[in-house]
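Visitor: Please put the model up. I would like to ask what stands behind each label.

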Amino acid sequence: MKEKNIEYTNIILSLIMKVRSGNQAAFEELLKLYEPLVFSFVDKYYANVSNKEDAEDLKQELTVVFYNSILSYDVEQTQVSFGLYAKICMNNAFVTQLRMLKKRNEKGVMILDVDEVLDDVVSEE
C-alpha cells in the first residue's frame with residue numbers, strides 16, 4: 001500500500017513540475033484529480049447561497065487558487081501532501097469569500113446568513 005502512495009505522490013509531483021513549466025494538459029489532469037475537492041467547496045457554498053452565478057464565480061476563483069497552490073507548493077518538503085496544501089489554500093479563499101458575503105449582507109445588499117457556514121468552515125480547520 002505504501003508503494004502505491006509513493007507512486008501516486010510521484011505522479012502528482014511530476015504533474016506539478018510540468019504545470020510549472022507551462023504544460024496546460026498537466027494542469028487539466030491535476031485539476032481533474034482534485035475536482036471533487038473544488039466541487040465540495042462550491043456545493044457547500046451553493047447549498048447556502050442558492051445563487052448559481054456566485055457559485056460559478058467561486059468555482060472560477062477556486063480554480064485560480066488551485067493553480068496558485070501548484071505554483072507555491074514546496075515540492076522538496078515531505079510533511080504536507082499537495083492535496084492537503086491545496087485544500088488549505090482553497091479553504092482560506094472560501095472563508096474569505098464568505099466573509100465578503102457577510103459584509104455585503106451587513107450593508108443590506110443581499111439576504112444571507114453566512115455565520116453558520118463560516119462557523120462550520122472555520123471549525124473544520
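Visitor: Which residues is Gln 97 in contact with, beyond its neighbours within four places in sequence?
Guide: Tyr 45, Leu 58 and Glu 61. Contact means heavy atoms within 4.5 Å. A caution first: this is a predicted model, where local features need pLDDT of at least 70 and side-chain atom pairs count only at pLDDT 80 or more, while totals for chains, interfaces and linings use all residues. Residues are numbered from 1 along each chain as its sequence is written, and side-chain values use heavy atoms, with hydrogens and water left out.

Visitor: Is Gln 97 buried or exposed, and what makes it so?
Guide: Gln 97 has a relative accessible area of 10%. Buried means under 20%, exposed over 50%, and partly exposed in between, with a 1.4 Å probe and protein chains only. Gln 97 is therefore buried. It sits in helix 4.

Visitor: What makes a stretch a helix, and how many does the chain have?
Guide: Helices are DSSP runs of H or I with at least four residues, strands are runs of E with at least two, and numbering starts from the N terminus. The chain has five helices and zero strands. Its pattern along the sequence is α-α-α-α-α.

Visitor: How do you know the span of helix 3 is close to what is expected?
Guide: The expected span is 1.5 Å times one less than the number of residues. Helix 3 has 21 residues, for which 30 Å is expected. From first C-alpha to last, helix 3 reaches 30 Å.

Visitor: Which residues of helix 3 are buried?
Guide: Among them are Leu 58, Leu 62, Val 65, Phe 66, Ser 69 and Ile 70. An α-helix has 3.6 residues a turn, so residues three or four places apart point the same way.

Visitor: Why is Val 64 called partly exposed?
Guide: Its relative accessibility is 49%, so Val 64 counts as partly exposed. Val 64 also lies in helix 3. Its C-alpha is 9.4 Å from that of Met 90, 26 residues away along the chain.

Visitor: What makes a set of residues a nonpolar core, and which members touch the most others in the largest one?
Guide: A core is a set of buried Ala, Val, Leu, Ile, Met, Phe, Trp, Tyr and Cys residues joined through side-chain atoms within 4.5 Å. The largest here has 29 residues, and Ile 16, Leu 30, Leu 62, Phe 66, Ile 70, Phe 82 and Met 90 touch the most other members. Helices 1, 2, 3 and 4 each give two or more residues to this core. Helix 2 (24-49) has the largest share, ten residues. In soluble globular proteins, nonpolar side chains tend to be buried together.

Visitor: Why is Ile 16 called buried?
Guide: Its relative accessible area is 0%, so Ile 16 is buried. Ile 16 is in helix 1. Beyond four places in sequence, it contacts Leu 30, Ile 70, Tyr 73, Val 75 and Phe 82. The C-alpha atoms of Ile 16 and Ile 70 are 6.0 Å apart.

Visitor: What makes an opening a pocket, and what is the volume of the largest?
Guide: On a 1 Å grid over the protein atoms alone, a pocket is an open set of points with protein on both sides within 12 Å along at least five of seven lines, whereas a cavity is a set where a 1.4 Å probe fits but cannot get out. Grid points are joined across faces, edges and corners, and the volume is the space filled by probe spheres set on the points. The largest pocket comes to about 240 Å³.

Visitor: Which residues lie nearest its centre?
Guide: Thr 9, Tyr 73, Val 80, Ser 81 and Phe 82, out of 14 lining residues. A lining residue has an atom within 4 Å of a point. Helix 1 gives the most, four residues.
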